[in-house]
Amino acid sequence: MRARLRPALILVAAGVLATAACTAGGGGSTEPAAAPDSSKPVTVTVWSNFADRELGVLKSTLDAYHGKHVNVTIDNQGSQDDDKITQAIRGGNPPDVAISFTTDNIGQFCSQGSWQDLQPYIDRDKVNLDDIPQAVRDYTQFNGKRCSLPMLADVYGLYYNKDLFAAAGISSPPKSTDEMLEDAKKLTVKNPDGSIKVAGFLPQWAFYAYKPQIVAPSFGAQWLDKDGKSGLGKDQGWQDLFGWQKKLVDFYGQDNLQKFTAGLGQEYSADMGFQAGKVAMAIDGEFRTAFIADQVPTLNYGTAPAPTSRPELYGGGYTTGTIIGIPKGAKNPGAAWDLIKYLATDTDALVTLANGLHNVPSTKSSLSSPNLKLGDQFKPFLDIFANKNLASNPASTIGDQYLKFVSDFGTSWENGQVTDLPGGLAKLDKQIDDAKALGGK
Amino acid sequence: MTATLHSPAREQRTSPAPGKGRGRIRNRNRLWLLVFLSPWAIGLVVFFIYPLLATAYFSLTNYNGLDSANFVGLRNFVYLFTGDEIVRTAAYNTLWLVVVLTVLRVAFSLGVAAVLARVQKGGGLFRVLCYLPSLVPPVAATLTFVFVLNPQIGPVNTLLRHVGIDGPLWFNDPNLSKPALTLLTLWGSGELMIIILAALLDVPKDLYEAAQLDGAGAWTQFRRITLPTIAPVLLFGMVNSIIFALQYFTQAIVAGSVASGSADMVGNSQIIGYPNNSTLTFPVWLYQQGFRAYHMGYASAMAVVLFVVSFAFTALLIRQLRGAAHTEGARS
């Protein structure tokens, strides 16, 4: 029996290995596909992670496109995150246009060709990429390969509670991180038992939007060295950032802070710390203005660029955003590109989307459109986006894994588990580089 | 009085057919056997053997899930055992759960089942009440527990405050997050409790009566009669609990994400394992590596190690189980 089974098992194993070796193989064409003839009907499938009202906003923009190209029918499907898009690419049945809320996976999308190279299309149609800020151009490509374009941007700045500022006798938002530290202490109110009643600013890593990539621009912290390797240990900005953050954590007391944050609402709920008036200052994205308008319209707050450690950095901030591209294996790449070009570069389309979604339009032309109606509290975010100090974090082949390493390190640092900051940062660099090397050939 | 029917036709059917005819019947029987087995066999090949062999193959490659795989030998395993600092934390957390959760889950289920076995009035109602939590979907159950154990607004700490006790941080304390997860698991261990209850009710009553006549007390009866009789079921419970702990994923990822204040239920990389990676289990890190860091080859290597460990635990305990069954058989 065993002798009979052996050849069969070998055959099965060979088949399995052959199939496994071929899985998700093949590459996409680099020749730009022509747009469909206007007399030829075509259906373009668009996947995004929008849902409900936001999906409706996208639909209205897509309807406007359809009005101009009546032969193009658009199948607009929401609630499709990066995992689903990637699975569809692996399965050989992707949408024609993919919209992703995060730039974390752009390194893989571009380097492996799972999102097609858009450069041939850009060259053919002479799209002016200079109309897109440099930081935004950076986060939509990887190692010089452009496989996506930006479709709106998120910009992070300082939110401050004007009533709490007035109660603490502070007349304007801080511009330097030193001022911010002092203001945070003044704004903090404690209960008789020493627990926190109102926090000036929450410096816990990965809590709400306090994440390394979002705070790094305030200290001019650089991610990579000149060789493209992780360079946190060689950059003074990171030491300044961690040193500043530790002072604030020590002011509150780690346990006190932990207990206070545990009782705050979820990030996008109405009782989120800043919205509930329990946190006086927060660094957050421009989209928070829409949440406040919807959930706590009576909140008396202002917005400004995030404070910086050096005066010359002030005015900028962190940006990331929604990206759009053509997955490998898309059935109608020519029609897909035409739609992508519209959504990423057409001023009217971007302004409509920005007004509806409360995001920053991602081209310089659209920033100055008189049709932008986003309110006074949104204005600082438009200014940050136009500032030369606008920054983003680099794309990586390991997605956002390196951000976790930095966050973990930050937690160990604030807990006092790491005491040698320069040594710890050097070790962190090695951890990041080793993880990146794991995916190498 | 028994009549024996002699049927020539039947004799003809059951008598061995000579030569080719016999071979044809045997082949036809085999064919039917294969036809009836095929749904199971196809499922086995497609959903078990193929993934198993593919995982073993991918563990030796730098496959990223999108591009074709490249053979890299044992590099993934070398990184797993010498380079990845977080995997050590993840392995420790899973080992903690395997040891603590297995022991407590079996002990807790046995304790509850023993009480339920003695309940005379309303026993059915209590059994239903104890079993019901196991029907709650893991995500909903975890969300509920994170709320109930919220240090500031949760009912448990509110109650403790009323009696003058400053409650712990539960899911927000790296030292208590795993015990909090254990509480959640114990609350939902109704299935094992029902299995053990069935075993307890199956213990022959005459054994207890005989022991009572011999003057054995309750503890002696439990130690000398109950435990040996239900030992195979307890061993099954241990195997089941160990595999459950080795695969601990949903509750850990949801509890960590929600307790961190994030709106991302499935967790983004930075808050996975919150607080301080104390809820980062081996399967959670495996998932992160495969689907977030695009290290599908490395994730496969982790899966191979997890498979080997699970297999070893299971084989060891099945040996014990067989031993217990043989002892039981010899005794009866």
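How many residues of chain B are in contact with chain A, and how many of chain A with chain B? Hi everyone, that is where I'd like to begin today. Please keep in mind that we are looking at a predicted model. On the chain B side there are 53 residues in contact, and they meet 58 residues of chain A.

The size of an interface is often given as the accessible area lost when the parts come together. For chain B and chain A, the buried area comes to about 4,600 Å², with 51% of it on carbon and sulfur atoms.

Now the polar side of the story. Between chain B and chain A there are 16 residue pairs in polar contact, counting pairs with both residues at pLDDT 80 or more. The interface also has 2 salt bridges. One of them pairs A:D83 with B:R292, where the closest N and O atoms are 3.8 Å apart.

Which elements of chain B give two or more residues to this side? They are α2 (19-58), α3 (75-83), α4 (85-118), α13 (282-292) and α14 (296-331). The largest share, 7 residues, comes from α2(B). By residue class, the side of chain B that touches chain A splits into 26 nonpolar, 21 polar and 6 charged.

While we have chain B on the screen, a word about its fold. You'll see 14 helices and 0 strands. Of the 332 residues in chain B, 41% are buried. And if we take contacts within chain B between residues at least 6 apart in sequence, 67% of them join residues at least 24 apart.

Over to chain A, then. It is divided into two parts: domain 1, covering 42-154 + 319-386, and domain 2, covering 156-220 + 233-313. Their centres, taken over C-alpha atoms, are separated by 31 Å. Domain 1 brings 11 residues to the contact and domain 2 brings 13.

How much area do these two domains of chain A bury between them? About 1,000 Å², and 65% of that is on carbon and sulfur atoms. Here a trio does a lot of the work on the domain 1 side: A:D154, A:Q377 and A:F381 supply 51% of the area that domain 1 buries against domain 2, more than any other three residues.

As for polar links between the domains, there are 3 residue pairs in polar contact, again with both residues at pLDDT 80 or more, and 0 salt bridges. On domain 1, the elements giving two or more residues to the side that touches domain 2 are β6 (149-161) and α16 (379-386) of chain A. The largest share, 3 residues, belongs to α16(A). That side of domain 1 divides into 6 nonpolar, 4 polar and 1 charged.

One last stop, at a single residue. A:Y268 sits in the loop between α11 (254-262) and β9 (279-285) of chain A. Is A:Y268 buried, exposed or partly exposed? Its relative accessibility is 33%, so A:Y268 counts as partly exposed. From A:Y268 to A:K331 is 63 residues in sequence and 37 Å in space, C-alpha to C-alpha.

Key. Residues are numbered from 1 along each chain as its sequence is written. Chains are lettered from A and ligands numbered from 1 in the order in which they are written. This is a predicted model: local features need pLDDT of at least 70, side-chain atom pairs count only at pLDDT 80 or more; totals for chains, interfaces and linings use all residues. Side-chain values use heavy atoms; hydrogens and water are left out. Domain bounds come from an automatic or database domain assignment. Contact means heavy atoms within 4.5 Å. Buried area is the accessible area (1.4 Å probe) that two parts lose on being put together, summed over both. A salt bridge is a side-chain nitrogen of Lys or Arg within 4 Å of a carboxyl oxygen of Asp or Glu. A polar contact is a pair of N or O atoms within 3.5 Å; within protein, one must be able to donate a hydrogen and the other to accept it, and residues adjacent in sequence count only if both atoms are side-chain atoms. Helices (H or I, at least four residues) and strands (E, at least two) are DSSP runs, numbered from the N terminus. Ala, Val, Leu, Ile, Met, Phe, Trp, Tyr, Cys and Pro count as nonpolar, Asp, Glu, Lys and Arg as charged, and the others, Gly among them, as polar. Buried means under 20% relative accessible area, exposed over 50%, partly exposed in between (1.4 Å probe, protein chains only).
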